[in-house]
Amino acid sequence: NPGEAWAQPMEIERPDGITTLCRVIDAQQAFDLNNLVPDTEAAVASGASAEIVMNIMNFCGEFDAVELVGALKDWIDEDDSGIRESDFYLKQKPPYRAGNQPLRTWKEVLLVDGFSREQLEIKERFDVNRPFSGDLIRCLTIIPASRKAPLPVNLNFASREVLLGLFGIEGEAFV
């Protein structure tokens, strides 16, 4: 439970003056990008995970979500069929291959076509209820493991944008 004493943020100052902030967060308060390619035909056929990620991206002010999600799915899936696969990345400078496996780090997301550091920065927020003001880095997560089904979101700690992504704009009253 993130509310317990052991999970409270703690600053550690080293003798040389460098301070490190340590905190425990529930990774499942956000939607896992690796949910885009679960290893089941039913999950792939429904497209629900892709729709959720697109919704979250839209609520975070990313309006090229269809292209970004397509590029992410091509990066994560195990095959080389798609628009943004190794053929595409091998033409970049420097050339590199698509991951074709679950994402491991946010740095890897920056290799995916269409993503930039600016998109992953935390925005200064004055009103949490302002539309399109969420942060991708707070609403999405990377849990580096393959799976047979999408990992659930912890509704007790999820942000407004994540909940809207899950339930859609028609669920705004519920959220």
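Here is a short chat about a predicted model and the reasons behind some of its labels.

Me: What pattern does the chain follow along the sequence?
Reply: Reading along, you get β-β-β-α-α-α-α-α-α-β-α. That goes with seven helices and four strands. Of the 175 residues in the chain, 34% are buried.

Me: Why is Tyr 89 called buried?
Reply: Buried means under 20% relative accessible area. Tyr 89 comes out at 0%, so it counts as buried.

Me: What makes Phe 88 and Tyr 89 an edge-to-face pair?
Reply: You describe two aromatic rings by how far apart the centres are and by the angle of the planes. To pair, the centres must lie within 6.5 Å, and planes over 60 degrees apart count as edge-to-face. Phe 88 and Tyr 89 have ring centres 5.0 Å apart and planes at 85 degrees, so they're edge-to-face. The structure has five aromatic pairs, and ring pairs join Trp 75, Phe 88, Tyr 89 and Tyr 96 into a cluster.

Me: How do you know that Arg 84 lies over the face of Phe 88?
Reply: Arg 84 is 4.2 Å from the ring centre of Phe 88. The distance limit is 6 Å, and CZ of Arg also has to be within 35 degrees of the ring normal. Arg 84 is listed as lying over the face of that ring.

Me: Why do Arg 84 and Asp 113 count as a salt bridge?
Reply: The cut-off is 4 Å between a side-chain nitrogen of Lys or Arg and a carboxyl oxygen of Asp or Glu. Arg 84 is partly exposed at 22%, and Asp 113 is partly exposed at 29%. A search of the whole structure turns up five salt bridges.

Me: What makes the pair of Arg 160 and Glu 172 a tie between parts of the chain?
Reply: Their side chains meet in a salt bridge at 2.7 Å, N to O. Arg 160 is in helix α7 while Glu 172 is in the segment after α7, so the pair ties together parts 12 residues apart in sequence.

Me: In the salt bridge of Asp 135 and Arg 138, which side chains meet, and at what distance?
Reply: Asp 135 and Arg 138 meet at 3.3 Å, N to O. Asp 135 is buried, at 1% relative accessibility, whereas Arg 138 is partly exposed at 43%.

Me: Why is Phe 174 called exposed?
Reply: Exposed needs over 50% relative accessible area. Phe 174 has 62%, so it qualifies. You'll find Phe 174 in the segment after α7. Together with Leu 155, Phe 167 and Val 175, Phe 174 forms a nonpolar surface patch of about 380 Å² accessible area.

Me: How do you know whether Asn 35 is buried or exposed?
Reply: Asn 35 has a relative accessible area of 0%, so it's buried. Asn 35 sits in the loop between β3 and α1. Beyond neighbours within four places in sequence, Asn 35 is in contact with Ser 49, Arg 147, Pro 150 and Leu 151.

Conventions:
Residues are numbered from 1 along each chain as its sequence is written. This is a predicted model: local features need pLDDT of at least 70, side-chain atom pairs count only at pLDDT 80 or more; totals for chains, interfaces and linings use all residues. Side-chain values use heavy atoms; hydrogens and water are left out. Patches are made of residues with over 30% relative accessible area and no salt bridge: like charges are joined within 9 Å, nonpolar side chains (Val, Leu, Ile, Met, Phe, Trp, Tyr) within 5 Å. Accessible areas come from the Shrake-Rupley method with a 1.4 Å probe; for residues, only the protein chains shown count as cover. Helices (H or I, at least four residues) and strands (E, at least two) are DSSP runs, numbered from the N terminus. Buried means under 20% relative accessible area, exposed over 50%, partly exposed in between (1.4 Å probe, protein chains only). Rings of Phe, Tyr and Trp (its six-membered ring) pair if their centres lie within 6.5 Å; planes under 30 degrees apart count as stacked, over 60 as edge-to-face and the rest as tilted. Contact means heavy atoms within 4.5 Å.
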